[in-house]
Amino acid sequence: MSRIGLTPIDVPDDVSVSFDAENVVSVRGPKGELTQALPHLITFARDNGRLQASRPNDDHRTRALHGLARQLVANMIVGVTQGYEKRLEIQGTGYRAQLQGNTLDLQLGFTHPQRRRAPDGIEFEVPDPTHIVIRGIDKQAVGQAAAEIRAIRPADPYKGHGLRYQGEVVRRKPGKTAATTVA
């Protein structure tokens with residue numbers, strides 16, 4: 001039984017949720033609007049400002065989609081009310097970031113700066129040269145943008161240089177040791 005799928009979703013007063021005949025949900029709130037196609041087997045019912053997801057049977061696939069559909073709608077509601085953000089840290093001598101308009105310029109030890117444009121619905125912020133903040137209302141888009149930026153130069157396990165999520169722990173490996181000769 002899906003514990004996540006059975007949990008009701010609280011819908012704030014300033015958020016409107018609508019479902020169409022093809023099971024596409026639209027959520028509109030103070031920060032914007034999101035739409036998402038949901039699995040056809042899962043239905044939603046309203047009850048006193050809450051949404052409840054339900055499934056028609058207990059097949060394995062239906063049970064898996066039950067929790068997924070519920071969480072997608074819940075993430076959309078959080079996105080249009082509060083938004084999402086990911087923070088990246090840059091470590092390394094001479095490694096830095098700067099923002100020019102909506103383009104992020106990264107100096108990460110390559111011969112040329114790495115430039116990344118902000119996708120639609122995503123905004124970058126560089127509070128200081130070693131930190132990047134990625135914000136948006138779509139949880140998946142924010143996570144994807146952060147992952148693509150981090151993939152440019154992931155943290156090196158030997159010296160720790162590169163990009164990492166804020167609070168991410170990079171396990172350091174020992175370097176080479178001098179070979180000892182056996183007499």
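**Reading strands, cores and rings in a predicted model**

Q: Which strands form a hairpin with six residues between them?

A: Strands E9 and E10 do so, and Gly 109 in the turn has a positive phi of about 90°. This is a predicted model, in which local features need pLDDT of at least 70 and side-chain atom pairs count only at pLDDT 80 or more, while totals for chains, interfaces and linings use all residues. Residues are numbered from 1 along each chain as its sequence is written, and side-chain values use heavy atoms, with hydrogens and water left out. Helices (H or I, at least four residues) and strands (E, at least two) are DSSP runs, numbered from the N terminus.

Q: How many bridges join E9 and E10?

A: Two strands pair if DSSP finds at least two bridges between them. Here E9 and E10 (residues 114–117) pair in the antiparallel sense over four bridges. Within this pairing, Leu 104 stands opposite Arg 116 in E10.

Q: Is Thr 103 buried or exposed?

A: Residues under 20% relative accessible area are buried, those over 50% exposed, and those in between partly exposed (1.4 Å probe, protein chains only). Thr 103 lies in E9 (residues 103–107) and, at 15% relative accessibility, counts as buried. A contact requires heavy atoms within 4.5 Å. Not counting residues up to four places away in sequence, Thr 103 touches Gln 98, Arg 115, Arg 116 and Arg 117.

Q: What is the order of the strands in the open sheet?

A: The three strands of this sheet run in the order E2-E3-E4, with antiparallel pairing. Strand E2 (16–19) and strand E4 (32–37) are at the edges and have a single partner strand each, so one side of each is left without a neighbour in the sheet. Neighbouring strands are turned by 15° against each other on average, direction ignored. For such angles, axes are lines fitted to C-alpha atoms (for helices over the stretch in contact), and values run from 0 to 180 degrees between N-to-C directions. Strand E3 (residues 24–29) pairs with E4 over six bridges in the antiparallel sense, and Gly 29 has Gly 32 in E4 as its bridge partner.

Q: Where is Pro 30 found, and which residues does Pro 30 contact?

A: Pro 30 belongs to the loop between E3 and E4 and is exposed, with a relative accessible area of 54%. Leaving aside neighbours within four places in sequence, Pro 30 is in contact with Asp 14, Val 80 and Thr 81.

Q: Which residues other than glycine have a positive phi?

A: Most residues other than glycine have a negative phi. Asn 23 has a positive phi of about 60°, and Asn 48 has one near 55°. Asn 23 is in the loop between E2 and E3 and is buried, with a relative accessible area of 12%. Asn 48, by contrast, is exposed at 76%, in the loop between strand E5 (43–46) and E6.

Q: What span does helix H2 reach?

A: The expected span of a helix is 1.5 Å times one less than its number of residues. H2 (residues 60–81) has 22 residues and reaches 33 Å from its first C-alpha to its last, close to the 32 Å expected. Just after H2, Gly 83 takes a positive phi of about 85°.

Q: Which residues have the most contacts inside the largest nonpolar core?

A: A nonpolar core is a set of buried Ala, Val, Leu, Ile, Met, Phe, Trp, Tyr and Cys residues joined through side-chain atoms within 4.5 Å. The largest has 20 residues, and those with the most contacts inside it are Val 17, Val 27, Phe 44, Val 73 and Ile 77. E3, strand E6 (50–54) and H2 are the elements that give two or more residues to this core; H2 gives the most, with seven. Apart from this core lies another, of 19 residues, including Leu 104, Leu 106, Ala 118 and Ala 146.

Q: How many aromatic pairs does the structure hold?

A: Rings of Phe, Tyr and Trp (its six-membered ring) pair if their centres lie within 6.5 Å; planes under 30 degrees apart count as stacked, over 60 as edge-to-face and the rest as tilted. The structure holds one aromatic pair. The ring centres of Phe 19 and Phe 44 are 5.2 Å apart with planes at 15°, so the pair is stacked. The pair links distant parts of the chain, Phe 19 in strand E2 and Phe 44 in strand E5, 25 residues apart. Phe 19 is partly exposed, at 28% relative accessible area, whereas Phe 44 is buried, at 16%.
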